[in-house]
Amino acid sequence: MNLTVPIPEQAATALAGLAKARGQTPEQIVATLVEHYLEDAEDLADALEALDDGETPIPLEQVKRELGF
């Protein structure tokens, strides 16, 4: 799918610089960013659903202890 999205000039300049530094096109950078954003949004939705399942959350420190961290 191709999209045309206006972005502020400062962001466009930064995007062009990042793309050049990575040896990619700005379109490749944006495609990767969108993929990561969508993955993060799905992870967040899963986490919120898990919190709403009625079970008691396990504290992070307990998980670390049980995993040996």
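Here is a walk through this structure, from its pocket to its surface. It is a predicted model, so local features need pLDDT of at least 70 and side-chain atom pairs count only at pLDDT 80 or more, while totals for chains, interfaces and linings use all residues. Residues are numbered from 1 along each chain as its sequence is written, and side-chain values use heavy atoms, with hydrogens and water left out.

Let's start with the empty space. Rolling a probe the size of a water molecule over the atoms shows where empty space is left. The largest pocket holds about 520 Å³. (A pocket is an open set of points, on a 1 Å grid over the protein atoms alone, where a 1.4 Å probe fits, with protein on both sides within 12 Å along at least five of seven lines; lining residues have an atom within 4 Å of a point.) Its volume is the space filled by probe spheres set on the points. The lining has 13 residues, and Leu3, Val5, Glu27, Val30 and Ala31 lie nearest the centre. Helix H1 (9-22) and helix H2 (26-51) are the elements that give two or more residues to this lining, and H2 has the largest share, with 5. Helices here are DSSP runs (H or I, at least four residues), numbered from the N terminus.

Ala41 and Gln24 are 17 residues apart in sequence, and their C-alpha atoms are 25 Å apart in space.

Now hop over to helix H3. Of its 8 residues, the number buried is 0, so H3 lies largely in the open. Leu60 belongs to this helix and counts as exposed, at 56% relative accessibility. Just after H3, Gly68 takes a positive phi of about 80°.

What do the side chains of Lys64 and Glu61 meet in? They form a salt bridge, at 3.7 Å from N to O. (That term means a side-chain nitrogen of Lys or Arg within 4 Å of a carboxyl oxygen of Asp or Glu.) The structure holds 1 salt bridge. Why can these two pair up? Lys64 and Glu61 are 3 residues apart in helix H3 (residues 60-67), so about one helical turn separates them. Side chains of opposite charge can pair when their charged atoms come close. Lys64 itself is partly exposed, with a relative accessible area of 32%.

How values were computed:
Buried means under 20% relative accessible area, exposed over 50%, partly exposed in between (1.4 Å probe, protein chains only).
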